[in-house]
Amino acid sequence: MAVFSAVLAAGAGHDPEEVLKRVTARILAAGKRIPNYTCVEAVQRDYFQPAAATLPRACPLVIEERRHPGLAMVLRPALTDRLHLDVAMVHLDVAMVQGGEIFSWVGASKFDDAGIFDLVRFGPIATGAFAGYLVVIFEQDVKTFTFTREIVAGGRSLIEYSFQVASAHSHYKVRAGDSWFYIGYSGTIQVDPETDEVVRLTVRTADLPEAANSCETLTSLDFGMAHIGGVDFPLPTRSRQRFVIPDGEEVENTTTFANCREYKGESTITFDETAPAADGAAPAADPTPRNGRSRAPSPRPSVPENRRFTLELTAPIQTDTVAAGDPFTARLAMPLRDAKGKLLAPAGTPVAGRLLRVEIFHKSPQEVILALKPDTMDIKGVKVPLAAVRDWSQIVAAARNSRKRGVKILLPLKGEEHAGVFQFPGEHPVVKKGFRSDWRTVR
């Protein structure tokens with residue numbers, strides 16, 4: 001446990017050192033009693049660009065210009081994307097589960113032990129807001145807090161402390177290329193001396209490695225008390241992270257948490273693909289003898305590769321509210337047959353999938369980009385895995401017949417394999433129920 005000290009000052013009857021001791025004890029006690037719980041994490045990432053295009057510059061110059069921007073450096077919104085994830089705080093003795101936070105797309109059947117960067121392949125993203133910051137700061141990194149001031153915020157009298165952590169003592173890691181680096185950081189923490197609750201935390205990184213492609217990251221978290229599994233625990237009501245890029249661009253991630261619930265004793269968290277089949281999966285062999293023999297398992301339906309089909313949405317996609325990670329529902333617009341003409345799935349067969357990307361471009365031309373990934377097809381009550389890519393053949397043929405100069409083909413990004421990318425004009429389009437798209441199955 002770290003040793004804390006504080007510089008005392010006259011105030012409104014509260015001893016900053018005693019308040020700090022009580023807050024520390026409360027955080028450490030809560031950290032030992034964190035229940036196994038999960039919440040839905042919603043992340044909105046807003047990308048800003050300078051009014052005039054600029055080349056990458058030394059970070060000290062970028063940060064100084066940020067404090068006193070000229071007209072050319074005034075930031076304008078360029079792009080917004082959104083993510084919906086399930087995040088869990090669990091007690092696992094697994095080295096790869098860093099800080100106890102693990103992630104999956106919202107509503108997925110299992111968590112991904114490879115880390116959030118295998119889910120979110122592009123754009124700045126960070127972990128720790130869920131529960132990691134407070135535990136690391138109070139239990140591991142910070143050796144000394146310094147009293148700075150008393151303030152009134154939101155009708156509450158608060159005490160503010162500052163802290164600073166050198167890279168040698170830091171557990172704050174940033175990714176730079178394929179490598180990870182521990183970096184120093186500083187910040188402030190505001191507490192309510194009447195309730196001994198943490199109200200607000202700010203963190204600013206020290207100099208970052210050049211390969212990180214970021215000059216600094218500024219984080220602010222507003223806290224409230226959440227009652228989960230019989231334990232009161234400080235949970236961020238809102239987190240904001242600001243990434244400053246060497247070319248003057250900035251990205252702000254706004255994160256909120258909702259639908260928090262505890263993992264009960266009968267619940268499980270799965271990390272591999274060998275877990276028991278989910279509801280609706282093909283049954284195993286029946287061990288009950290039939291005339292002295294075991295009944296063979298029914299062959300599991302499958303979808304061969306290189307079969308073309310058309311999907312029709314069965315519910316609209318509201319681009320103002322959806323996020324990467326959200327599910328979508330569709331059905332086959334026409335029967336799906338194998339190469340010999342055998343019926344594999346009739347028209348109307350339900351198909352379920354997930355959005356992998358939702359991007360709203362604010363600059364001209366205003367448009368929305370969606371990446372849709374079909375996952376399963378419900379054949380005779382069995383959820384059959386479905387791997388497919390968008391089929392452009394009919395669009396290309398139509399363009400050729402109309403003598404258009406070319407067709408803009410949207411390719412999936414890394415991590416969006418077996419997905420189709422779609423472009424819709426405007427900032428607020430609604431992809432209507434019944435929208436059709438052509439696909440081709442792959443291995």
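Trainee: What should I know about the numbering and the values before we start?
Mentor: Residues are numbered from 1 along each chain as its sequence is written, and side-chain values use heavy atoms, with hydrogens and water left out. As the model is predicted, local features need pLDDT of at least 70 and side-chain atom pairs count only at pLDDT 80 or more, while totals for chains, interfaces and linings use all residues.

Trainee: Why is D196 called buried?
Mentor: D196 has a relative accessible area of 16%, and buried means under 20%, with exposed over 50% and partly exposed in between, for a 1.4 Å probe and protein chains only, so D196 counts as buried. D196 is placed in the loop between strand 8 (185-192) and strand 9 (197-205), where strands are DSSP runs of E, at least two residues long, numbered from the N terminus.

Trainee: How do you know whether K380 is buried or exposed?
Mentor: The relative accessibility of K380 is 83%, so K380 counts as exposed; K380 lies in the loop between strand 21 and strand 22 (382-385).

Trainee: What makes the backbone of these two residues worth a remark?
Mentor: Most residues other than glycine have a negative phi, and most peptide bonds are trans. D196, although not a glycine, has a positive phi of about 60 degrees, and K380, also not a glycine, has a positive phi of about 55 degrees. As for peptide bonds, the one from S364 to P365 is cis, with omega near 0 degrees.

Trainee: Why is E367 said to have no salt bridge?
Mentor: A salt bridge is a side-chain nitrogen of Lys or Arg within 4 Å of a carboxyl oxygen of Asp or Glu, and Lys and Arg count as positive, Asp and Glu as negative, with His and the chain ends not counted. The nearest side chain of opposite charge to the buried E367 is K408, 4.7 Å away, so E367 has no salt bridge.

Trainee: What makes the pair E367 and Q423 a polar contact?
Mentor: Their side chains are 2.4 Å apart, and a polar contact is a pair of N or O atoms within 3.5 Å, where within protein one must be able to donate a hydrogen and the other to accept it, and residues adjacent in sequence count only if both atoms are side-chain atoms. The pair therefore meets that rule. E367 itself lies in strand 21 (residues 367-379).

Conventions
Helix = DSSP H or I, 4+ residues; strand = E, 2+ residues; numbered from the N terminus.
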